[in-house]
Amino acid sequence: MPECPELHLAGRYINETCGGLVFEGGVQRSAVGRGPEVPFSSDAYKVTAASRGKELRLTLEPPAVRGLQPPRHAHLRFFTRESPPRALCFVDPRRFGTWRLGEAWQPDRGPCVLLEYPAFRENVLSNLEDAAFDKPVCEALLNQKYFNGIGNYLRAEILYRAKIPPFEKARTVLEALKHREQNSSLTLSKKLKLKRDNPDLLELCHTVPMEVVAVDKNLFDPSDSDNYAAFKNWLQCYLVPGMSSLRDRNNRTIWFQGEPGPMAPKGQKSRKKHAHLKADPEAPTPMVTTRASKRRSGGAEEPPKPAVKEEEEKAAPDGPRKGRARGKKKVAAPPTLSEPDAPVRAKRNRTSARRGRGAAPAL
């Protein structure tokens with residue numbers, strides 16, 4: 001599901017793209033959309049957007065298209081008044097998202113980590129007695145009551161940069177921050193330097209999403225084909241080769257480096273993403289040694305061929321056919337098939353007799 005940076009960028013894209021557009025008619029809902037019908041219709045209206053954590057709100061204000069084909073998986077569509085018309089579409093191939101009618105944000109979501117940082121920090125540190133913080137910190141970070149906007153990739157990046165094991169108890173980590181705030185005797189300048197050089201977990205919950213917004217400023221620009229590449233290069237932990245992964249108690253995969261922590265699930269082995277899974281354009285083509293290449297005589301003189309090459313030789317209709325007996329060196333086919341050499345026939349009979357295969361196979 002999209003996290004706060006993506007929703008913030010989506011809102012910015014809508015406002016920039018649709019700021020000068022006038023829409024008309026009703027709002028079309030796809031047959032498989034997860035939200036309700038939108039009972040709205042107008043001869044002319046504008047669309048504006050605002051984001052908060054993991055929510056995006058659209059406002060329709062006064063100042064479809066018949067024949068316009070919306071894209072696939074467009075579950076909500078707003079059509080412009082111009083001719084030919086354009087459509088603003090909510091595209092959701094996996095149907096994770098839904099929508100509600102009304103002006104209020106969801107009451108069970110806390111302040112946004114991106115746009116309401118002071119209130120977000122206060123909400124967490126003033127409620128550490130909540131049972132939500134009895135859980136591992138990686139699971140607590142997905143609780144939208146306190147970490148509104150944090151999702152799976154953000155929690156991995158935040159914990160990696162904070163050098164916190166994902167299965168450390170959340171209250172243990174956060175109480176240390178509260179204690180440091182209450183008992184710090186540092187001057188203001190030293191506090192600012194410490195914050196800049198060694199940001200704590202809650203600070204990273206704000207600054208890491210801000211980095212995504214800066215990196216992916218063109219994330220919703222359909223003309224920018226490299227928008228995802230910039231995001232992928234920004235990742236330091238999530239899906240990165242060399243990192244380990246475990247599934248938490250909600251069956252969500254958490255990526256990390258080092259030890260998982262004391263609250264790691266029992267009986268589950270950490271999986272590591274290997275570097276060779278990432279394509280390296282300069283890596284040499286691997287050579288596969290097969291049983292056939294090991295049987296081939298004169299191996300020191302002729303290097304083994306790749307498996308694909310060898311399979312092509314087996315499939316070639318004009319090449320020599322190999323015998324079915326295993327462990328036997330390659331035997332050159334005679335010029336004609338009428339009278340095989342006696343030594344060859346005898347050798348095949350001896351091999352077949354030892355293996356109990358009966359008559360020797362024909363050459």
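Strand 5 and strand 6 (residues 87–91) run antiparallel and are joined by 5 bridges; strands count as paired if DSSP finds at least two bridges between them. Helices (H or I, at least four residues) and strands (E, at least two) are taken as DSSP runs and numbered from the N terminus. Buried means under 20% relative accessible area, exposed means over 50%, and partly exposed is in between (1.4 Å probe, protein chains only).

A word on the numbers: this is a predicted model, where local features need pLDDT of at least 70 and side-chain atom pairs count only at pLDDT 80 or more, while totals for chains, interfaces and linings use all residues. Residues are numbered from 1 along each chain as its sequence is written, and side-chain values use heavy atoms, with hydrogens and water left out.

Now for the rings. Searching the whole structure turns up 10 aromatic pairs. Rings of Phe, Tyr and Trp (its six-membered ring) pair if their centres lie within 6.5 Å; planes under 30 degrees apart are called stacked, those over 60 edge-to-face, and the rest tilted. Among the pairs is an edge-to-face one between Phe 120 and Phe 147, at 5.7 Å centre to centre with 65° between the planes. Phe 120 sits in helix 2 (residues 117–125) and Phe 147 in the loop between helix 3 (137–140) and helix 4 (152–162), so this pair ties together parts that are 27 residues apart in sequence. Phe 120 is buried at 0% relative accessibility, and Phe 147 is buried at 2%.

Another pair, Phe 133 with Tyr 146, is tilted: 4.9 Å from centre to centre and 50° between the planes. Since Phe 133 lies in the loop between helix 2 and helix 3 and Tyr 146 in the loop between helix 3 and helix 4, the pair ties together parts 13 residues apart in sequence. Phe 133 counts as buried at 1%, and Tyr 146 is buried with a relative accessible area of 2%. Elsewhere, Tyr 153, Phe 231, Trp 234 and Tyr 238 make up one aromatic cluster.
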